[in-house]
Amino acid sequence: MVPHRLLHMLAVVFLLCALSASAQTVTAALPDAAGIEAMGEDLFVQSGSTGMVLVVVRGDEVIFHGYGETAPGSQQVPTQDSVIRICSLTKIFTTDVLTKLVADKTVRLEDTLQQFAPARTAVPKRGKPITLLDLATHTSGLPRELGQLPRHDAHFTYPDYKTRWRWLPNQHLKSTPGTAALYSNVAFDFLGDALQAATHKQYAALLAERTLNPLHMRNTTFFPNAVQCSRLLEGVRDERSCSVTEATAGSSGLYSTASDMTIWLEYLLGTGVLGLPAQDPAAQAIYLAPSDLVSQKGLDHAGEPTGVGLGWIHILPVDSPSHIIQKTGGGAGFSTYIAINHARKTAIFVAATDGAVDTHVNLFNAANKVLLAAAGLPPLPPPPAKPAPRRAHRRKHARHS
């Protein structure tokens, strides 16, 4: 008869062998760099873009590929140093700074926007005041935009500080702060203004000091020089001039490169590559459940939200292996996207310029499939059916900056 202790040891050995074999099977099933580049090619073709860059970070592995052209007819493929407008991905840089200022007790999420307003400027209320948390979760009650970009202004240069603060006191909030989500660009510009007031530093300098410089993201800026502007990707739309975008520093103004965004993905994943720090988990946490809101609009471009964070949106429950934390962006001829799967230490960044034909492909949903395939996971389930609108009408593709 085999002793009970020996049986236990044999069972443990068998279990470890089974787990090891399973892990090897999962690893073997992961697509290699060539496979991911091929998936990126499919994504590029489906998108109809002029040019596209793709970065996938998986553990300590980095995969980059450029597709198409840097400009129509250039016959030059985008590189890691091609300059891109990251549009609304700027917002997750703003909330990175916010999280750091909360951690060092410079501000609190419960602080009101009124505390940081210019002298003699009244911030509107509706039942309760707007807080920094409301601004960062799109629940401030403020509209999406202050107004249309003036015809001849460069992209992401409107509204400036004086314009938005003169506009604000006359507004009537669309909902009680904290109760309903409405995607808002102007809210994030006010958030940047609040962080500037709290630290008595120009917001662009604050972002550089707390985030960009420590991460050595030297090509991520609101102030592109002539060389950087010469490398800016171009699509087929009117993209206006490559100019200083500090006016929308909180919401959408950042320029960057695939090389810098690779560093950013490694920071978000906390892979520790080259001694990089990991982002504070509070920056990517869930702060509101959609079920706690009376409504949400503009948060579901990449999938059905299961959690609202500080600029981030969560898809699927946090205990699901396929759980995604994501941020969409778009405008000025670009569509941009970041998505993270922490279960497999995998993240994706995509930036694409407009093409001549709108294929009506949802670039963000398609990128989610690439992310999960790169992580060795099945695609997201189809979204739940929504009631059909009373009147069928065509809508212009929304931009997310």
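Predicted model: local features only at pLDDT ≥ 70, side-chain atom pairs only at ≥ 80, totals over all residues.
## A buried serine pair

Where does Ser252 sit? Ser252 belongs to the loop that runs between helix H8 (226-230) and strand E5 (255-257). Is Ser252 buried or exposed? Its relative accessibility is 4%, and buried means under 20%, so Ser252 counts as buried.

## The seven-stranded sheet

Now for a wider view. Seven strands make up an open sheet, in the order E2-E1-E11-E10-E9-E8-E7, and the pairing is antiparallel. At the edges are strand E2 (61-68) and strand E7 (305-308), each of which pairs on one side only. On average, neighbouring strands in this sheet are turned by 20 degrees against each other, if you ignore direction.

Two helices to look for here are H2 and H10. Helix H2 (residues 33-47) packs on the sheet and touches strand E1 (51-58), E2 and E11, with its direction at about 35 degrees to that of E2. H10 packs on the sheet too, touching E1, strand E8 (313-315), E9, E10 and E11. The direction of H10 makes about 35 degrees with that of E10.

How many of its residues are buried? Eight of its eight residues are, so the strand counts as mostly covered. Phe334, Thr336, Ile338 and Ile340 point one way from E10, while Ser335, Tyr337, Ala339 and Asn341 point the other way, and all are buried.

On one pairing, strand E9 (residues 324-331) runs antiparallel to E10, and seven bridges join the two. Lys327 stands opposite Ile338 of E10, and Gln326 has Ala339 of E10 as its bridge partner. E9 and E10 form a hairpin with two residues between them, and Ala332 in that turn has a positive phi of about 55 degrees.

E10 also pairs with E11, again in the antiparallel sense, over eight bridges. Ala339 turns up here as well: its bridge partner in E11 is Ile348. E10 and E11 form a hairpin with four residues between them, where Lys345 in the turn has a positive phi of about 50 degrees.

Follow the chain on from strand E11 (346-353) towards helix H10 (363-374) and you'll find Thr359 in the loop between them. Thr359 counts as partly exposed because its relative accessibility is 31%.

Which residues does Thr359 touch, leaving aside neighbours within four places in sequence? They are Gln46, Ser47 and Gly48. A polar atom of the Thr359 side chain lies 3.3 Å from the backbone oxygen of Ser47. Thr359 and Val45 are 314 residues apart along the chain, yet their C-alpha atoms are separated by 9.4 Å.

## Two helices side by side

One more stop: H3 and H6. Two packed helices are described by the angle between their axes and the distance between the axes. Helix H3 (residues 90-103) and helix H6 (residues 185-199) pack at about 35 degrees, and their axes are 10 Å apart. Their crossing is left-handed.

Which residues make the contact? From H3 come Lys91, Thr94, Thr95, Val97, Leu98 and Leu101, and from H6 come Asn185, Phe188, Leu191, Gly192, Leu195 and Thr199. Sorted by class, this contact has six nonpolar, five polar and one charged residues.

Note on methods
Residues numbered from 1 in each chain as written. Heavy atoms only, no water. Axes fitted to C-alpha atoms, helices over the stretch in contact; angles between N-to-C directions. Left-handed = near helix turned anticlockwise from the far one by under 90°. Contact = heavy atoms within 4.5 Å. Nonpolar A, V, L, I, M, F, W, Y, C, P; charged D, E, K, R; others polar. Buried < 20%, exposed > 50% of the residue type's maximum accessible area, 1.4 Å probe, protein only. Polar contact = N/O pair within 3.5 Å; in protein donor to acceptor, adjacent residues only side chain to side chain. Pairing = 2+ DSSP bridges.
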